[in-house]
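Subject: Handing over the model

Hi there,

Here is the structure I promised to pass on to you. Please open it alongside this message and follow along.

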Amino acid sequence: MEIDVLTLFPEWFSWFAAQRPIANALAAGSALRAVSYRDYTPLAGGQVDDTPFGGGPGMVLRVDVVDAALRSLYGRDALELHGQRRIVALTPSGRLLDDALASELAGERAITLLSGRYEGFDERVIDHLATDAVSIGRYVLAGGELAAMVVCDAVMRKLPGALGDCRSAIEESFSPVLGGAPEYPHYTRPASYRGWSVPDVLVSGHHEQIRAWRAAQSAQRGSGGGPGGSLP
Ligand SMILES: C[S@@+](CC[C@H](N)C(=O)[O-])C[C@H]1O[C@@H](n2cnc3c(N)ncnc32)[C@H](O)[C@@H]1O
C-alpha cells in the first residue's frame, strides 16, 4: 500500500514512520511519504492560505494550492485520480473513522491524506478534490497531522507484516470476528495482586470455557455493560 500525506509539517512523519507497526508495514513493502504543500504552491513566498471570504478569524487552506500539489505529485488532474486512489480530506466533520472504514482503506492500493491547518480547507477541496472526508472524532485538533497518523496507524496495522502476530488484528475490538463489539478483558501475571484476582476460568486450562467466557464478556461490553468497556 502507498500512503501520501500532504501537510505543512512533513518532518513530523519521520519519527512516526520509524515506529511500529508503521515501520513493520514499510519493511514489508508499503510506502509512506509526507510532502509539504509549500513545495508545490504556485503562489509567491510559499503562501498556502488566505483570509476567509465573509470575514472571521483564521486562515483557510487554498483550493488552488491543494490542487497544484496533487497535480505535481501525480502528474495529472486531481479529478482524474478519482477511482485510482482515495484522496481523504481530514476534517472534524467528516465520516467518523471506525474499524470498518480502517479495513476499507486497508484494502486500497493507494491513499492520499490531506491534512488541514488553521481554519481548515477551502470547502471546494472537500467537495471536489477529495474522494472522502474523514474525522477521527468529534473534537478539534490544531491540525490534520495527528489525524493522519491515527488513520495510518489504524490502517497500516491491518496490513500483512505490520503486527508481530497477525492474529492480533483479527480478533480485536470492533472486528467482525467479535461481531463489532469491544474485545474481552485480558489479564497476565501475577494471578492475584493486592487481592485483585483474575477470573478463575482464565487459569482453569479449559479452552472451550475460556472461549465462551471471552465471547460473553465481549457481547456484554457491546451491549453497553461491563467496567471499562461500556459503549454509548
Ligand atoms: C483547527 S482544525 C479546523 C477546524 C475547523 N475550523 C472546524 O471548526 O471544523 C485544522 C485542521 O485540523 C484537522 N483536524 C482537526 N480536528 C480533526 C478531527 N477531529 N479529525 C480529522 N481532522 C481534524 C483538519 O485537517 C482541519 O482542517
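Before that, two notes on reading it. This is a predicted model, in which local features need pLDDT of at least 70, side-chain atom pairs count only at pLDDT 80 or more, and totals for chains, interfaces and linings use all residues. Residues are numbered from 1 along each chain as its sequence is written.

**The sheet**

Five strands form an open sheet in the order β2-β1-β6-β5-β7, with parallel pairing. At its edges stand β2 (31–36) and β7 (132–135), each with a single partner strand, so one side of each has no neighbour in the sheet. From one strand to the next, the twist averages 30 degrees; axes here are lines fitted to C-alpha atoms, for helices over the stretch in contact, and angles run from 0 to 180 degrees between N-to-C directions. Strands (E, at least two residues) and helices (H or I, at least four) are DSSP runs numbered from the N terminus, and two strands pair if DSSP finds at least two bridges between them.

**Around β6**

Five bridges pair it in the parallel sense with β1 (residues 2–7), where L6 stands opposite L114. Strand β5 (residues 86–96) also runs parallel to β6, over four bridges, and I87 has T112 as its bridge partner.

**The ligand**

The ligand is surrounded by 20 residues, and the closest are G116, G120, L141, G144 and A147. A residue counts as near if its C-beta atom, placed from the backbone, lies within 6 Å. Strand β5 gives the largest share of this shell, four residues, while β5 and α7 (144–156) each supply at least two.

**The domains**

The protein chain is assigned domain 1 (2–156) and domain 2 (173–222), with bounds that come from an automatic or database domain assignment. Taken over C-alpha atoms, their centres are 38 Å apart.

Best wishes
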